[in-house]
Amino acid sequence: MNSQSQVESTLKEILEVVKPLHEDWVTRFKIINELREVVQSIENLRGATVEPFGSFVSNLFSRWGDLDISIEVSFGQCVSSAGKKRKQTLLGELLRALRKQGGWSRLKFIPSARIPILKIVSKWQNISCDISIDNIQGEIKSKFLFWLNEIDGRFRDMVLLVKEWAKANGINNPKTGTFNSYSLSLLVIFHFQTCVPPILPPLKDIYPTNVVDDLTGAKVDAERRIAQVCSSNIARFKSSTSRIVNRSSLSELFISFIAKFSEINLKASELGICTFTGQWEYIANNTRWLPRTYAIFIEDPFEQPENSARAVGQKQLVKIAEVFETTRCILISANITRNTLLPTLVGPQTSRFLIKKHPTVYPNSNYRYYRNTPPQAHRVVQSPLQTQYHLWQPQYKNSRPSTSQMQHQGPRMVPSTPKPQSQFARMRVPNGPRLPNHQFQKPNPSVPQDQVQVQVQPQIQRPRTEGYNVKFGTRGPHQVQHNQGQMWRPKYDK
């Protein structure tokens with residue numbers, strides 16, 4: 001096995017371990033419901049909704065990923081946010097209620113943060129939870145990242161691999177002056193925009209204005225307007241016949257990602273990373289970013305001109321660049337083995353699951369030569385969250401799946417659940433949520449084969465795998481318009 005194939009097989013093996021299983025979804029739903037019960041027991045929070053966001057909503061979380069929660073006190077009527085003092089007061093009341101109930105550990109209230117946060121750890125799998133108040137910006141950003149999964153499934157795989165690698169090398173912790181997970185996701189987006197040929201378009205071609213500026217009026221209407229614009233532009237991008245094919249394997253994308261940022265400390269002195277335009281931007285020429293007071297600028301495309309990497313310090317940026325360069329040298333070295341790769345790519349928690357496994361051998365690292373097992377990197381796999389409740393998926397108007405798509409799609413799973421007040425409100429899971437079973441069950445010899453029930457697999461969509469042409473068709477991006485009709489609502493049986 002050559003070096004490229006070894007990297008490919010190791011990356012795939014890591015993904016098998018870090019991707020969440022059925023019980024990981026069940027556990028997080030259980031935590032959400034328990035938090036909802038506590039919130040409803042507080043007088044000043046009765047009627048408020050508990051909304052997850054972050055990597056859980058964008059389907060970019062690993063088995064050990066934390067859970068971000070926003071408590072919406074505006075009751076979904078309008079886009080508004082309580083003042084900072086009000087948020088501090090409400091989180092203080094929640095802290096006392098959680099202590100009184102028990103079952104939560106390491107409770108830590110951070111009232112002085114830019115967004116006041118209550119950190120707790122659940123008794124279920126020791127999952128960490130960050131709770132905030134009225135964090136609608138975080139919710140909409142999470143949905144955008146989820147929609148990017150609709151364009152190319154390799155995006156999710158890359159984010160999971162990059163976050164695991166960054167944690168293993170100590171550069172995924174804003175408390176120590178390194179990247180947060182959101183910044184790492186933006187780096188992956190930027191890499192997909194600037195690789196040759198590009199895989200993702202500039203984000204301005206998906207939503208042409210600053211998202212947070214359009215979060216006004218009724219919350220439901222604001223989210224629907226944003227979703228309509230994004231779904232229209234994403235559908236046009238995916239159906240474009242002028243896109244150039246990008247057939248890069250996962251290992252090729254990962255290696256080129258590491259190489260691209262191996263000298264990031266030198267570039268950061270003059271250039272900023274802008275996923276909105278999909279290119280490096282000179283800081284001196286960008287009036288939105290001045291005066292420059294950061295070691296590195298990774299602009300938040302949905303909340304411009306905020307810097308998502310503002311916590312990164314100058315000394316830590318040098319360390320980050322060294323980690324990139326060291327990893328690059330390892331990945332391109334000759335006679336590389338699985339045992340030399342794992343300490344660089346994964347942390348101790350993941351290593352425990354990999355240490356006793358035999359490496360999976362792939363005869364060729366290039367995806368286009370897999371005939372019987374199509375590459376997962378090119379698939380768009382619905383999360384159990386989406387499959388169960390049809391949340392956050394843009395609905396494309398007047399579009400029907402092709403015959404080849406229908407052959408690969410399982411039946412839609414629509415729960416017989418009354419329509420809730422919000423995405424997760426009033427969701428009751430007495431025996432755990434009825435999610436698709438991702439694990440193969442061992443056959444029971446005592447049960448006759450003709451009585452074995454077949455498990456329905458989650459719906460899989462196979463998008464077009466063409467690349468991206470900079471011209472992006474002949475028409476300009478769909479512009480923001482109001483009152484464009486009904487769409488992007490959770491679907492439930494009536």
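Let's start with an open sheet of five strands, which has mixed pairing and the order E1-E2-E5-E4-E3. Strands count as paired if DSSP finds at least two bridges between them, and the names come from DSSP runs numbered from the N terminus, with helices (H or I) of at least four residues and strands (E) of at least two. This is a predicted model, so local features need pLDDT of at least 70 and side-chain atom pairs count only at pLDDT 80 or more, while totals for chains, interfaces and linings use all residues. Residues are numbered from 1 along each chain as its sequence is written, and side-chain values use heavy atoms, with hydrogens and water left out.

Strand E1 (49-53) and strand E3 (104-110) sit at the edges with a single partner strand each, so one side of each has no neighbour in the sheet. On average, neighbouring strands here are turned by 25° against each other, direction ignored. Axes are lines fitted to C-alpha atoms (for helices, over the stretch in contact), and angles run from 0 to 180 degrees between N-to-C directions. Further in, strand E4 (residues 117-122) and strand E5 (residues 128-133) run antiparallel and are joined by four bridges. In that pair, Ile 120 stands opposite Cys 129 in E5.

## Helices on the sheet

Helix H2 (residues 22-40) packs on the sheet and touches E1, strand E2 (67-72), E3, E4 and E5. Contact here means heavy atoms within 4.5 Å. The direction of H2 makes about 30° with that of E2. H5 packs on the sheet as well, touching E1 and E2, and its direction makes about 45° with that of E1.

## Salt bridges

How many salt bridges does a search of the whole structure find? The search turns up 14, a salt bridge being a side-chain nitrogen of Lys or Arg within 4 Å of a carboxyl oxygen of Asp or Glu. One of them joins the side chains of Lys 219 and Glu 139, at 3.6 Å from N to O. That pair links distant parts of the chain: Lys 219 is in helix H8 (residues 219-239) and Glu 139 in helix H5 (residues 136-151), 80 residues apart. Lys 219 counts as buried because its relative accessibility is 8%, and Glu 139 is buried too, at 4%. For the cut-offs, buried means under 20% relative accessible area, exposed over 50%, and partly exposed in between (1.4 Å probe, protein chains only). Glu 72, Glu 139 and Lys 219 are linked in a network of salt bridges.

Buried or partly exposed: which is Glu 299, and which is Arg 288? Glu 299 is buried because its relative accessibility is 1%, whereas Arg 288 is partly exposed at 35%.

## The E6-E7 hairpin

E6 and E7 pair in the antiparallel sense over four bridges, with Cys 274 opposite Gln 279 in E7. Their hairpin has four residues between the strands, and Gly 278 takes a positive phi near 75° there. In strand E6 (residues 271-274), Leu 271 and Ile 273 point one way, Gly 272 and Cys 274 the other way, and all are buried.

## H7 against H9

The axes of helix H7 (residues 181-194) and helix H9 (residues 250-260) come within 10 Å and cross at roughly 105°. H7 and H9 are therefore roughly perpendicular to each other. By the cut-offs, under 35 degrees is roughly parallel, over 145 roughly antiparallel, 65 to 115 roughly perpendicular, and the rest oblique.

On the H7 side, the contact is made by Leu 187, Val 188, His 191, Phe 192 and Thr 194; H9 brings Leu 253, Ser 256, Phe 257 and Lys 260. These residues divide into five nonpolar, three polar and one charged. Ala, Val, Leu, Ile, Met, Phe, Trp, Tyr, Cys and Pro count as nonpolar, Asp, Glu, Lys and Arg as charged, and the others, Gly among them, as polar.
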